[in-house]
Amino acid sequence: PSLWSQSVIAEVYSLNALLIGISIFAAISFVDQPTPGNLSFLAGSIGLGATNHHLAPYLSIPLVVWVLVRHPRLCIKPAYWFPALLWLALGLSVYAYLPIRAAAHPVPNVGNPVTWSAAIDHITRKSYSTGNETIRFADSWTDSAWHAFHAMVGYPEFESIPMIFGLLSLPLWIRKRPDYAAVMIAILLLN
């Protein structure tokens with residue numbers, strides 16, 4: 001709900017928005033032109049998005065469901081899913097870099113993932129709920145909801161304009177491409 005307010009912060013949000021946009025583009029490309037390359041493009045962008053922000057896999061669920069519903073027989077063919085699985089693994093391979101980078105003891109070293117077990121804690125976000133990181137991150141859904149509400153109320157001028165344009169275009173999308181509209185609504189609800 002607070003895309004604009006979060007995208008101007010020098011953190012992971014701008015890149016996350018880009019990778020989610022690329023994943024949406026890749027899903028549309030595969031639905032409209034089902035080739036192994038387009039499915040691999042989708043899988044790679046989802047894998048890379050997952051390494052950037054922990055919410056990217058959740059936002060990718062409607063895209064994956066959409067692809068499976070539109071082309072269920074193609075997705076079970078090895079010529080389609082095997083290259084896609086390789087590209088997903090390639091995108092997720094960024095996680096292998098965590099212990100290597102942490103060993104250099106950089107100044108921002110969240111969770112200090114020097115060992116593989118510490119890296120797993122970082123990937124599963126366990127390291128964000130212990131130690132100094134509890135100050136920065138919410139531990140409960142109520143804290144997260146409060147922060148989301150505060151972001152919407154604090155920046156209504158930035159949030160309401162894109163929302164109005166999006167809602168005004170929704171009837172057109174529902175009439176022309178109801179599957180696109182359903183996926184975008186699902187992504188909006190998960191965000």
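Reader: Why is Ser 29 called buried?

Author: Ser 29 has a relative accessible area of 14%. A residue counts as buried under 20% relative accessible area, as exposed over 50%, and as partly exposed in between, with a 1.4 Å probe and protein chains only. The value for Ser 29 is 14%, so this residue is buried. The model is a predicted one, in which local features need pLDDT of at least 70 and side-chain atom pairs count only at pLDDT 80 or more, while totals for chains, interfaces and linings use all residues. Residues are numbered from 1 along each chain as its sequence is written, and side-chain values use heavy atoms, with hydrogens and water left out.

Reader: Where does Ser 29 lie, and which residues does Ser 29 touch?

Author: Ser 29 belongs to helix 2, residues 13-32. Helices (H or I, at least four residues) and strands (E, at least two) are DSSP runs, numbered from the N terminus. Leaving aside residues up to four places away in sequence, Ser 29 touches Pro 34 and Asn 38; a contact requires heavy atoms within 4.5 Å.

Reader: What makes a set of residues a nonpolar core, and how many residues does the largest one have?

Author: A nonpolar core is a set of buried Ala, Val, Leu, Ile, Met, Phe, Trp, Tyr and Cys residues joined through side-chain atoms within 4.5 Å. The largest such core here has 22 residues, and those with the most contacts inside it are Leu 39, Leu 42 and Val 67. At least two residues of this core come from each of helix 2, helix 3, helix 4, helix 5 (72-75), helix 6 (78-92) and helix 11 (178-190). Helix 2 gives the largest share, six residues. Leu 42 touches Ser 23, Ala 26, Ala 27 and Val 67, not counting residues up to four places away in sequence. In soluble globular proteins, nonpolar side chains tend to be buried together.

Reader: Why is Leu 55 called partly exposed?

Author: Leu 55 has a relative accessible area of 35%. Leu 55 sits in the loop between helix 3 (36-52) and helix 4 (56-70). The C-alpha atoms of Leu 55 and Ile 20 are separated by 9.9 Å, although the two residues are 35 residues apart along the chain.

Reader: What makes the group that includes Leu 55 a nonpolar surface patch?

Author: Patches consist of residues with over 30% relative accessible area and no salt bridge; like charges are joined within 9 Å, and nonpolar side chains (Val, Leu, Ile, Met, Phe, Trp, Tyr) within 5 Å. Leu 55, at 35%, passes the accessibility cut-off. Together with Tyr 58, Ile 61, Val 65 and Val 69, Leu 55 makes a nonpolar patch of about 470 Å².

Reader: How do you know that Asp 32 and Arg 177 form a salt bridge?

Author: A salt bridge is a side-chain nitrogen of Lys or Arg within 4 Å of a carboxyl oxygen of Asp or Glu. The closest N and O atoms of Asp 32 and Arg 177 are 3.4 Å apart, so the pair qualifies. Asp 32 is in helix 2 and Arg 177 in the loop between helix 10 (156-176) and helix 11; the two lie 145 residues apart and link distant parts of the chain. Asp 32 is partly exposed at 44%, and Arg 177 is partly exposed at 24%. Side chains of opposite charge can pair when their charged atoms come close.

Reader: How many salt bridges are there in the whole structure, and what joins Asp 179 to Arg 70?

Author: A search of the whole structure finds three. Arg 70 and Asp 179 meet in a salt bridge at 2.2 Å, N to O. This pair also links distant parts of the chain, with Arg 70 in helix 4 and Asp 179 in helix 11, 109 residues apart. Arg 70 is partly exposed at 37% relative accessibility, whereas Asp 179, at 16%, is buried. Asp 179 touches Val 31, Trp 66 and Arg 70, not counting residues up to four places away in sequence.

Reader: What makes these salt bridges one network?

Author: Asp 179 also forms a salt bridge with Arg 177, the closest N and O atoms being 3.2 Å apart. Through shared partners, the salt bridges join Asp 32, Arg 70, Arg 177 and Asp 179 into one network.

Key
Areas by Shrake-Rupley, 256 points an atom, 1.4 Å probe, with all protein chains shown as cover.
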